[in-house]
Amino acid sequence: MESYFTFVSSVLGFEPTSLLGFVGAIAVWAVPITAFVSVVGLVSIWLERKISAHIQCRVGPMEVGPHGALQTLADGIKLLGKEDLVPAQADRILFGLAPMLVFASTFVGFAVIPFSQKAVIADLNLGIFFLAAVGSLEAIGVVMAGWSSNNKWSLFGAIRAATQVVSYEIPLGLSLLAVVVVAGSMSLNDITQAQSGWVWNWFLFRNPFMWAVFLIYFIASLAECKRAPFDLPEAESELVSGFHTEYSGMRFAIFFLAEYGAMYIVSAIAVVLFFGGWYTGIPFLDHISGSIGGTTGVVVENLIGAGTIIVKSFLLICVQMWIRWTLPRIRLDQMMDLCLKYLLPFSLVLLVAVSLWQAFQGPIDGGNSVMGMIMLAATVASLIWMRRLAGRVSKASALRRELPVVKTGL
Amino acid sequence: MLFQYAHALIGFLFGMLFVALQVFLLVRLLAPRVKEPMKDSTYECGEPPVGDAWVRFDMRFYTMALIFIIFEVEAVFLFPWATVYNDLIAGLRAAGTGNVLFPFIEVFVFILVLGVGLIYVWKKGDMDWVKAMRGQPKQSWPPTEGSTGERDVEKDVA
Amino acid sequence: MATSDAIIDQVKGQFGEAVLESSTPLGFPTVCVAKDRARDILTYLRDEPGLEFDVLTDATAADGLKYPEPWDTRFQVVYHLRSSRDGKRLRVKVGVPERDCTLASVHDLWKSANWAEREIFDMFGVRFEGHPNLKRILCHHKFKGHALRKDYFIHDGQWLDEPETLLDEIGDWGENPADEGFSELVPVNLGPAHPAMHGTLRVFAKMEGETIVKAVPEIGYLHRGFEKHSETGNWTMVIPYTDRLNYCSAMLNNIGYVRTVEKMFGIEPTERCQYIRVIVGELSRIIDHCVCLGAMLVDLGALTNFWYLFNIRERIYHLLEGLCGARLTSSYARIGGMAHDLQDGFETELREILRDMPRNVSDVLGLIAKNRIFLDRTVGIGVISREDALSWGWTGPCLRATGIPYDLRKVEPYDVYADLDWDVATRDGGDVHDRAMVRFDEMIQSMRIIEQALDRMPEGPVMVEDKRVVLPEKDKVYSSIEGLMNHFVLIYDGIKVPAGEAYVPTEAANGELGFYIISDGSGRPYRIHCRAPSFYLYCAYPSLAEGNMVADAVPLLGSLNIIAGELDR
């Protein structure tokens, strides 16, 4: 399969295996990816501010740029001019290394996730596995940050982060496994291509258990990127700021950027595993190179693909934000209970169920369209039903104008 | 394929370089530096910290770490199986011999063993965060004699 | 209910000579008892069937050094007792001479005495024998002298910057000698500069993992000497200081203070004034509950509710700003009435707020009332029993959350509360959840009260016509000699409150806000003591927090609604 690397090398006119080709290709991908990480950070932080503001009857940033779109950039520049502080009691080396490790483990995720069929920088045959591995690497960085600060709040945050990320790695890994069982590959590219065709070919609709698998993955991924209601490691009302209490200025900004980068990565993985990756779900659009032809066709097809996966990922990011601004935070022991007593057994059962389904149903190339259509219809129906339900709830709350029953004393 | 992994490695190094560049170069060039001992003191809510923060972790976290190792390794063992699972079934179907459930049963036994382990850990109470707590006993409920302690959530929402 | 005389007679009959003096000033039964029998008498009062004064509402002291008629002893320690059975009250005064400035502690009779005695020690230097931890509480631990003694000059400032370590209170660390003296317990400071420590509270905690094994609070970071300050100006000048007590519901503090002074005058405010007091008081209560609930939910990580609640608060503040020109520091009440009448359009705007408020409240409830995370985080956390709550001197929503329907607006009705139709909100659990829900219920009840008060409010003056307290109208000053004289005397001497003492409790947003005032008949207050509800709520906090995780201790604090302004005074 022609990867980005060989593609770029050939465009640049180097031998793919030559040193020059290697360096050139890296230069070509590293700069845009850095820019992309920054843009993802800027856009998600802006989205977070705007979404939270509108949920809370506010307008959010409005001054810098249209609707405050450049506010985050201005903040970033401000942070760049902030004095670089390292506590005297801290372990300087680890203190400096921690943000690097956290950011790098997020950054490398961007190099692995496919943007389109061709725009994938490192197409690893162990893609999913690799992402899970670098995800845990971030936990090491966080623990390093908390430990090296020599601050008790940081330490509490770090321990919480380690416990949380490490334990949610299990249901996360098991739900990834369920997808691998269906796809028969760990390469993100292969998994996506197994979902080509119409919408109902997406893995989400592949069998009745996939929705549950996705929910477990989504909950675990919230915990993995320390988002509410799992924001215990940086719970500002309890631990001041958790593991990055002692970090300020640019060092803090790096943690912040890495956090939003991680949100994009887990969302993009969810899109690849369950929502058809870069496929729009409309075969004509997905294979437009067939009708346009030539290099233009390839470019257009890849651009559509990249746009699709980015939009899908950002939709999931918005769901994460919606949850954050709706739910209170759970407690440490409840967090562990949820993981070990609910998600872990459920994901084991789901793994068994999915593999049994696969054994009976047999591997069908391109998926089972009838099954997919039924699942899709069921999904849409249940969404409409939930919307109705929500309507009924809000009607009930409007009725609350009549005063509630209050126990009277005396 | 190894080239792909080399890319991943270089991506990782580049990420670190990116941070180093910003924190150690850009900030050093742009940001002011005014040395003052109070600035570098450790934050503990405005009070001088008592003792060091480099303390021993609570034992409970080690229990969690052990549980993690057991199940994460399980997941790692299952990944190769999951990758070839479809091929195994297809192979058995094509050959027409043997049970198509054979690859499933093999792994099911493995999961079952771990499931028993999970139940054991669960029953032993090592999954309960509160179990190992030494401090005060949990507050009793209901708190006052005469009050039922029941609450009607329906009523709250009315 | 035993009458005041019956109570006094019973005590006299039991202790004879030890009861030095008894009276019923302004209807409040008072006994002065001998110092060496004080503890016996207080024990008797608490335990004797029929008396059962199971609540020590407040304990304070006064210094008689500058009082026109000399006291028998320099200091008087004053206990205000209340019985939760029938609501009767009793004041017990104990004279303490300067030479032998000691008194037997009653911290084991009422838990609330613990901090109250520390405050008396801090301010007057009365040593309580048998007190487990007789340290300064509001002033700095290196402070020299006793601030509320009359011979401590108010401008004698002291520069103190040495932090208190609190290591003497935290106890041992359980070091393990077999393990190189290593301790599993970690000392941590929660606050003063901690996001959840609402302002300036500090709790020094001994932690095992994330569980608080022992918590020691330090207060006084916001101590501004309200009581000392009050003694310097005239009676009207105290009103702005009361704004700063519970700054979340300043109106209620104003009202509480002026009600006490009016009681000493025997003035009954006009009917319209009473209605206005009810309306602005209930609005302040709603604001206060909004702040408390919003902040508590933020402590739980539910940030959005904060904004929904603060939208209500913002609109009410807009209304009150139009009324008195300030948002937080209203200073709207005056001795004898209100500063001025309601502004035009007050009623229209208020009715609009009342129309929209249920929707805002139900938005918040919709987010949390059935929310599994919220219920898991609050139900059964920080539970306090009824007996403990009374013993700690708890009042207000926190007491009502344990199922005791103690609300001064019902029990000892004032203003026009008795004429209005409303209910006391109570819950049974005594935990964080119920403390929050009681506040939601109370907001609804406050809306009921306001609606009725708006409907019934009569026209008329908002100030009494009493030349002792109210400046005459301008044209009378210009046209009549009597008016001019009254104006001159009031401006020159200030309001002269009749000599005597009074304790008047008001149901503030956090509970019983009592002002204990001693007047020497001059134009300046001789002693003003504020019984702040937060003070007695917070003294129970360490015992509730111990055994909980940090994550629970934080919303627990939020549910008590500790306002540093009135806690530290």
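Modeller: This is a predicted model. The domain assignment of chain C gives domain 1 (4-129) and domain 2 (226-568).

Biologist: What makes domain 1 and domain 2 of chain C count as being in contact?

Modeller: The cut-off for a contact is 7 Å between C-beta atoms. Across this boundary, 22 residues from domain 1 of chain C and 25 residues from domain 2 of chain C take part. The C-alpha centres of the two domains lie 27 Å apart.

Biologist: Which elements of domain 1 of chain C give two or more residues to the side that touches domain 2 of chain C?

Modeller: Strand E3 (55-63), strand E4 (75-82) and H3 of chain C. The largest share, six residues, comes from E3(C). By class, that side of domain 1 of chain C has eleven nonpolar, seven polar and four charged residues.

Biologist: Why is C:Trp110 called buried?

Modeller: The term needs 20 or more other C-beta atoms within 10 Å. C:Trp110 has 23, so C:Trp110 is buried. The residue sits in the loop between strand E6 (102-104) and helix H3 (113-124) of chain C.

Biologist: What does C:Trp110 contact, leaving aside its neighbours within four places in sequence?

Modeller: C:Leu56, C:Ser391 and C:Gly393. As for C:Trp394, that residue is 284 residues from C:Trp110 in sequence and 11 Å from C:Trp110 in space, C-alpha to C-alpha.

Biologist: Turning to chain B, how many of its residues are in contact with chain A?

Modeller: In chain B, 65 residues are in contact with 71 residues of chain A. Helix H1 (2-30), helix H2 (59-95) and H3 of chain B each give two or more residues to that side, and H1(B) gives the largest share, 20 residues. The side of chain B that touches chain A has 45 nonpolar, ten polar and ten charged residues.

Biologist: What makes up chain B, from the N terminus on?

Modeller: The order is α-α-α-α, with four helices and zero strands. Buried residues are 27% of the 158 residues in chain B.

Note on methods:
Residues numbered from 1 in each chain as written. Chains lettered and ligands numbered in written order. Predicted model: local features only at pLDDT ≥ 70, side-chain atom pairs only at ≥ 80, totals over all residues. Buried ≥ 20, exposed ≤ 12 C-beta atoms within 10 Å, placed from the backbone. Contact = placed C-beta atoms within 7 Å. Nonpolar A, V, L, I, M, F, W, Y, C, P; charged D, E, K, R; others polar. Domains from an automatic or database assignment.
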